[in-house]
Amino acid sequence: MDTTAAKVKIKMLIVEDEVPLATAMKDQFEREGYQVVTAGNGEDGLEMATSDHPDVIILDILMPKSSGLDMLHRLREQDEYGKNVKVVILTNLDTSDAILKDVVETLPTFYLIKADTTMQGLSDKVKEALATQVNATTV
Amino acid sequence: VIIKWLRKLSVAKKLAIIISLIFLILLLGLANFWLSMRIMSGIRAYVGGEGLWSKSQKEAVTNLIRYSVTFDEVDYQAYREFLQVPLGDKQARLELEKKEYNYELTRQGIIQGGNSPDDVDDMIFLYRRFRRVSYMDIAIRDWAQGDALIEKLMDKGEKIHAIISTTGDEDDPMAQDVRLDELSELVMEVYALDKELTTLENHFSATLSEGSRWIRDVLFVVTIILSILLGSFTLFISLYISQMIVEVDKKKNEFIYLVSHQLKTPLTSSSWYSELLLQDHKIDKEKRRSYLLEISNTNKRMVDLVNTLLNVSRIEMGTFVVNPVMSSLTSLIDEVIASFAVQKMKRNIEIQKQYQEGLPSIAIDPQTIRIVVSNLLSNAIKYSYDGGKVTVSLSKKGSFVQIKVQDEGIGIPKSEQGRLFEKFFRASNAKTLDTDGSGLGLYIVESVVKNVGGTLSYTSAEGKGTSFIVSFPLEGLKKKRKKE
């Protein structure tokens with residue numbers, strides 16, 4: 001990581017199995033100056049989060065192999081980083097769908113419904129999530 | 001086989017079957033109860049009747065013998081009076097032996113036999129229904145033999161009466177001696193008859209008692225079996241219903257998944273890409289094109305999904321309209337194949353056509369054929385390996401025309417083949433390969449094909465490929481009008 005410059009890029013992990021959605025978000029956030037990596041399921045997502053330590057994770061719930069909530073459970077239990085990383089859940093499942101308990105337990109920073117969220121809105125929420133992180137104000 | 005057959009039925013039909021089975025078992029239980037009661041009551045009445053019969057017969061003999069000593073007409077009348085009981089029973093028996101019996105005569109006989117009028121029906125029932133059952137048969141033979149002996153007794157009685165009422169020479173001791181000798185001879189014969197009758201009477205009762213014990217055992221076993229049946233059936237129903245509730249819940253969740261993931265996702269996608277296009281900064285031409293293409297694709301996906309859901313709803317509500325018109329299957333299938341050009345190219349799939357020459361035009365509904373073939377073809381392409389081959393063949397087999405769609409793709413795991421046509425079902429290997437799928441395609445194909453009088457079959461081997469065969473009768477598809 002380029003630690004000398006003031007423009008430290010914020011690292012973002014997008015975990016989303018729908019390629020068009022992942023691509024749209026990647027384009028948007030890269031344009032805004034983030035360093036973006038993507039994963040197509042919970043398992044790959046957990047691996048990338050563990051190795052790359054992104055500053056923020058945008059996480060879908062319904063995915064093949066391992067769901068977003070499974071991944072987040074494991075990440076939260078894993079280590080200090082996993083416990084504190086900012087996570088924005090972005091899904092089309094609303095919290096009435098018997099997942100509320102899991103959502104509460106895994107402590108995401110935000111829970112957003114895809115169909116109700118604009119790119120701009122998502123961008124604002126990500127910034128809001130990151131706001132407490134003093135080192136990452138240079139975007 | 002039964003479970004497979006049950007699986008295919010609609011929930012309403014399953015419930016109707018279950019309810020009728022419960023009803024049937026309850027009816028059987030009631031019938032069993034009613035039958036047991038009637039049989040037992042009938043046997044009790046016969047054993048009671050036999051008691052009266054024997055008592056009267058004994059009284060008759062006693063009075064006849066007393067008459068032979070007292071020469072008192074009163075005794076003779078008493079003897080005749082007592083005989084009325086066995087004679088009444090005989091009248092009933094003779095009537096019941098007839099093919100068509102007279103109810104009134106029978107009833108009269110039974111009541112004359114000293115039986116309660118309330119027992120008449122049960123006694124007739126037992127006699128007529130169980131005439132050929134061994135115990136009843138033996139008892140009735142005893143009864144008939146008893147009647148024959150009663151006749152003999154009456155013959156002796158008449159002779160005794162004749163001797164006593166003959167006014168002989170009172171003062172002729174010789175003549176008197178002859179009379180007394182004759183009388184004592186007859187009395188001895190009456191004693192012998194009485195002894196024979198006693199043996200028969202005992203046998204009759206013993207036979208009926210044995211029969212009633214046998215029936216008790218049979219009815220006991222039947223009752224136990226019915227109870228076990230009813231019990232296990234109730235258990236089965238409870239398990240089935242709870243399973244059904246779980247299943248319905250699962251289906252509901254699958255539907256929520258379907259709608260949320262498959263309808264909201266393309267909606268989100270087209271909205272986001274539009275937003276990207278509308279942003280102020282410059283986007284290069286290539287990116288712009290890819291964004292627009294994405295919007296167009298997601299729109300198509302939504303239209304397809306809405307059509308699929310509409311078809312499911314039409315099938316389930318019985319409003320799926322089929323309007324057969326004479327058309328060429330080959331050109332219709334060519335048209336469907338042509339519509340898959342993009343998917344085919346993306347995966348580098350080769351589609352081979354094998355159409356039999358000179359197929360006749362048949363009455364088909366183009367929309368139905370399109371739904372069937374495009375669903376099968378879409379699956380064949382989706383679940384082929386890249387660069388694979390899909391064969392679409394069309395041929396005449398007997399009085400059917402056959403459409404076969406064959407691929408060399410991932411196949412269907414054997415353990416999951418039984419559930420292939422279930423709504424929302426997707427094979428595990430299909431889910432891993434492609435998360436985008438409603439699990440409705442084959443459900444629709446099967447329902448539609450059945451609906452128009454066709455058949456659907458398949459063969460599949462995991463990792464080697466699948467082929468689906470749809471057959472339609474040459475005389476054309478069944479017309480289905482919209483229900484009013």
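Trainee: What makes the set around Leu329(B), Leu377(B) and Phe472(B) a nonpolar core?

Mentor: A nonpolar core is a set of buried Ala, Val, Leu, Ile, Met, Phe, Trp, Tyr and Cys residues joined through side-chain atoms within 4.5 Å. Buried means under 20% relative accessible area, with exposed over 50% and partly exposed in between (1.4 Å probe, protein chains only). The largest such core in this predicted model has 50 residues, and those three touch the most other members. Helix 11 of chain B gives the largest share of this core, eight residues. Helices here are DSSP runs of H or I with at least four residues, strands are runs of E with at least two, and both are numbered from the N terminus.

Trainee: And which residues is Phe472(B) in contact with?

Mentor: Contact means heavy atoms within 4.5 Å. Leaving aside neighbours within four places in sequence, the partners of Phe472(B) include Ile369(B), Phe400(B), Val449(B) and Leu477(B). Another core, of 44 residues, lies apart from the largest one, and Tyr67(B) and Ala92(B) are among its members.

Trainee: Why does Arg131(B) count as buried?

Mentor: Its relative accessibility is 16%, and the limit is under 20%, so Arg131(B) counts as buried. You'll find Arg131(B) in the loop between helix 5 (120-129) and helix 6 (134-165) of chain B.

Trainee: What makes the pair Arg131(B) and Asp137(B) a polar contact?

Mentor: The rule asks for a pair of N or O atoms within 3.5 Å; within protein, one must be able to donate a hydrogen and the other to accept it, and residues adjacent in sequence count only if both atoms are side-chain atoms. These two side chains make theirs at 2.9 Å.

Trainee: How do you know that Arg301(B) and Glu18(A) form a salt bridge?

Mentor: You need a side-chain nitrogen of Lys or Arg within 4 Å of a carboxyl oxygen of Asp or Glu. Here the N to O distance is 3.5 Å, and that's a salt bridge. The rule finds two across the interface of chain A and chain B.

Trainee: How much area do chain A and chain B bury between them?

Mentor: About 2,000 Å², 58% of it on carbon and sulfur atoms. Buried area is the accessible area (1.4 Å probe) that two parts lose on being put together, summed over both.

Methods. Residues are numbered from 1 along each chain as its sequence is written. Chains are lettered from A and ligands numbered from 1 in the order in which they are written. This is a predicted model: local features need pLDDT of at least 70, side-chain atom pairs count only at pLDDT 80 or more; totals for chains, interfaces and linings use all residues. Side-chain values use heavy atoms; hydrogens and water are left out.
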